[in-house]
Amino acid sequence: MSSGKTRRSRNTLALRLTLWYAGIFTVSSFVAFFLFYMLVTSVVRDRTDQDLMNQARRYIVLASTEGLEEAKRVAVVETHAAGVRKVFFRMLYADGVAFSSSNMSYWKDIGIHVNAIRQLVEGTDHVFETMNLSERRDEVRILYVMLGPNIILQIGEAVEGSSRFLEAFRRIFIVTMGFLIVLAAGIGWFMAKRAVSGVEAVTRTAREISAGTLGRRVPVNMRGDEIDQLAITFNEMLDRIEALIREMKEMSDNIAHDLKSPITRIRGAAEVTLSTSGSPEDFENMAASTIEECDRLLDTINTMLMISRTESGVDRPPQEKMKAAELVREACDLYEPAASDKGIVLTCEIEEAVDVAGDKRMIRRMVANLIDNAIKYTSSGGRVDVRLWREGSNDILLTVSDSGTGISPEDLPRIFDRFYRGDRSRSEAGLGLGLSLARAIARAHGGDITLTSIPDRGTTFTVTLPGMPIETA
Ligand code: ADP
């Protein structure tokens, strides 16, 4: 188990970010150090070269003006003054044989470079050479120049001070780098942990939710960064899931309740008939009422299925072209007797030549549901007005207005929920599925249903559907 934990922590994003951070820091520091080291080395070398050149030039001038002996004397004095371990010189014939030099006891390992002499004889102005003496750490820079005709000057200088400086620089760099790498890894770890802490919060919340606390939310820091966006999106998703679960629970409660009542009634009727050992007529009545209840049950179940299938898009409405005017007129004609029986005036104002594409059966059912509700929730002496017209170039609008009970503001937000029945409608028969089915149908056809309602004054449902272009024939 502990090995699993170790493996997990080895694979964390924070650790990987830290390693990347420390790695990039180390590599770039080494590159910077290397470039700086090269620069310092070349500056030091240039300065030594310049020194050697100046010295050589002076001896050349001395040899030509005061003679070779004078140049030799000055060179001996000067190298002695500078320190026999610091500088040296040799004077050679063109064949490489030395005829004069400073005290060479310290420099005895320094030979004469035949190649350098050849280059000078062939006309090169001067030749530089670097030597590393094995028993000493210092580097030696050597210059060959023509001191006079057939006379060559070999002059050298230890780059001792600079070597020591570079050595110290190297040592300081290694110590500082060691410290900085540890510091960089620490800072990297801190930054990476901070960066992924939001992701960890999301993971923690997800874990708590899967353990059963659906009410938990990820804390949002309000910094507006990516982690905040993730937290906000995650919380929104949780809100939606929670609402969905609540809806599903309510719906299953409602389904259970709505199915329970007719089944209880069927069972009650059967029990009464059996226990009273009734006549064949009683049995016939029981069978008839059972069929009626079953039909109602089937109707509820079918409507629920239809809503689910329409909402989920399983039942894509076929795109059959239909004359909306005809369809609405048929519905008005169908409900006219019911309206006049109840003492309600039903008017239909229909604009002709309004075509829609979709499922005729479904649209008919949607229109019927709206008119049926309008008549159901309007009392005698009231009116129901149905209007159909084309708005703009494409939209088709259908309004069903009534002067009925209206819908209370508390009921309004839930009026399209499945099985939801308003407080004012308890006295009327119904399942609470009509409006959800109507809206599911409108949406499946690319439209929607909205409503405005004033309690005790009436309600207007407005259906918007995408119409078909007007045919110009
Ligand atoms: P049902 O009519 O079977 O109760 P619906 O889904 O058709 O179910 O309607 C849901 C609820 O909306 C109704 O219970 C009622 O409270 C309210 N409602 C619908 N249409 C109207 C209307 N025209 N006037 C007043 N209330 C309405």
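Mentor: Happy to! A disulfide is a pair of cysteine sulfur atoms within 2.5 Å. This is a predicted model, where local features need pLDDT of at least 70, side-chain atom pairs count only at pLDDT 80 or more, and totals for chains, interfaces and linings use all residues. Residues are numbered from 1 along each chain as its sequence is written, and side-chain values use heavy atoms, with hydrogens and water left out.

Trainee: Okay, how many disulfides does that rule give?
Mentor: The count is 1 disulfide. Cysteine 332 pairs with cysteine 348, with 1.8 Å between their sulfur atoms.

Trainee: What parts does that pair tie together?
Mentor: Cysteine 332 sits in helix α8 (residues 324-341) and cysteine 348 in strand β7 (residues 345-350), so the link joins parts 16 residues apart in sequence. Helices (H or I, at least four residues) and strands (E, at least two) are DSSP runs, numbered from the N terminus.

Trainee: And why is the disulfide left-handed?
Mentor: Because the torsion about the S-S bond of cysteine 332 and cysteine 348 is about -85 degrees.

Trainee: Is cysteine 332 buried or exposed?
Mentor: Cysteine 332 is buried, at 5% relative accessibility. Buried means under 20% relative accessible area, exposed over 50%, partly exposed in between (1.4 Å probe, protein chains only). Cysteine 348 is partly exposed at 35%.

Trainee: New topic: where is isoleucine 454?
Mentor: Isoleucine 454 belongs to strand β11 (residues 448-454), and its relative accessibility of 48% makes it partly exposed.

Trainee: Which residues does isoleucine 454 touch?
Mentor: Leaving out residues up to four places away in sequence, isoleucine 454 touches Thr405 and Gly406, where contact means heavy atoms within 4.5 Å.
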